[in-house]
Structure formats: structure tokens, C-alpha cells
Amino acid sequence: AEDLDCGNSGTTARLLTGILAGQHFSATLVGDQSLSSRPFKRVVDPLTEMGGVFSGDRLPLTISEAPGRLNEPEGFSPGQERYSSRRIAGRGGNLSN
């Protein structure tokens, strides 16, 4: 499969991480040198607690097929940077709910 290139967009990488975390396939996110140097720990750690499986906490980041539906996130405020990725992941990547 082709890598998903996020260029220099941290927002794209964070949102795709949440969307892809609960899918029934694996995907790899890549970015330019600047984006690849940024840590994604604040996004990956909460998604891991929800059941997501990741290769690390920087790009390139492989998001492996989830073993089941991810747990709905609890105890977070909408102002947090990772809010969108956690919320999307908790909905199984379904944006229509």
C-alpha cells in the first residue's frame, strides 16, 4: 500500500491518526522533514489507551489494524490538541455520527 503523505500539515496527520486508528487495515503516515521531527506522543498515547496500535510516536507512523472497536474516550476537554483525533477514533472513524 502507498504511504499517506501529510506534507507539513500536523492537523492532517493528527486527524488521519484518529480516523485510521480504528480501521480494519493498516496505514502509514509520512511527512516532510519538519513534520517528521515533531513528536506525536500527545496524540498516540491517548489513542493507544483506547486500543489503537502504533509503530511509535513520530512520522513515519504505521497505524496497525485495531484488534476491535476502540473505546470511547472519557475525561477530556474540547480544548485539548488531541481532542479531534480521540473523538474521531472513538466513533470508529465514522464522521457522520
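Visitor: Which residues does T17 touch, not counting residues up to four places away in sequence?

Guide: T17 touches L29, V43, L47, F54, L61 and I63, where contact means heavy atoms within 4.5 Å. The model is predicted: local features need pLDDT of at least 70, side-chain atom pairs count only at pLDDT 80 or more, and totals for chains, interfaces and linings use all residues. Residues are numbered from 1 along each chain as its sequence is written, and side-chain values use heavy atoms, with hydrogens and water left out.

Visitor: Why is T17 called buried?

Guide: Buried means under 20% relative accessible area, exposed over 50%, and partly exposed in between, with a 1.4 Å probe and protein chains only. T17 has a relative accessible area of 1%, and is therefore buried. Of the 97 residues of the protein chain, 36% count as buried.

Visitor: What does the side chain of T17 reach, and at what distance?

Guide: The side chain of T17 reaches the backbone oxygen of A13 at 2.6 Å. A polar contact is a pair of N or O atoms within 3.5 Å; within protein, one must be able to donate a hydrogen and the other to accept it, and residues adjacent in sequence count only if both atoms are side-chain atoms. T17 itself lies in helix α1, residues 10-21; helices (H or I, at least four residues) and strands (E, at least two) are DSSP runs, numbered from the N terminus.

Visitor: How do you know that β2 and β4 pair, and in which direction do they run?

Guide: Two strands pair if DSSP finds at least two bridges between them. Three bridges join β2 (residues 27-30) to β4 (residues 61-64), and these strands run antiparallel. In β4, I63 is the bridge partner of A27.

Visitor: What joins β1 to β2?

Guide: Two bridges join these strands, which run parallel. The bridge partner of D5 in β2 is V30. From β1 the chain crosses through α1 to β2, and this β-α-β crossover is right-handed: with the strands pointing away from the viewer, the path from the first strand over the helix to the second runs clockwise.

Visitor: What makes β1 and β3 edge strands?

Guide: The four strands form an open sheet in the order β1-β2-β4-β3, with mixed pairing. β1 (4-5) and β3 (53-54) each have a single partner strand, so one side of each is left without a neighbour in the sheet.
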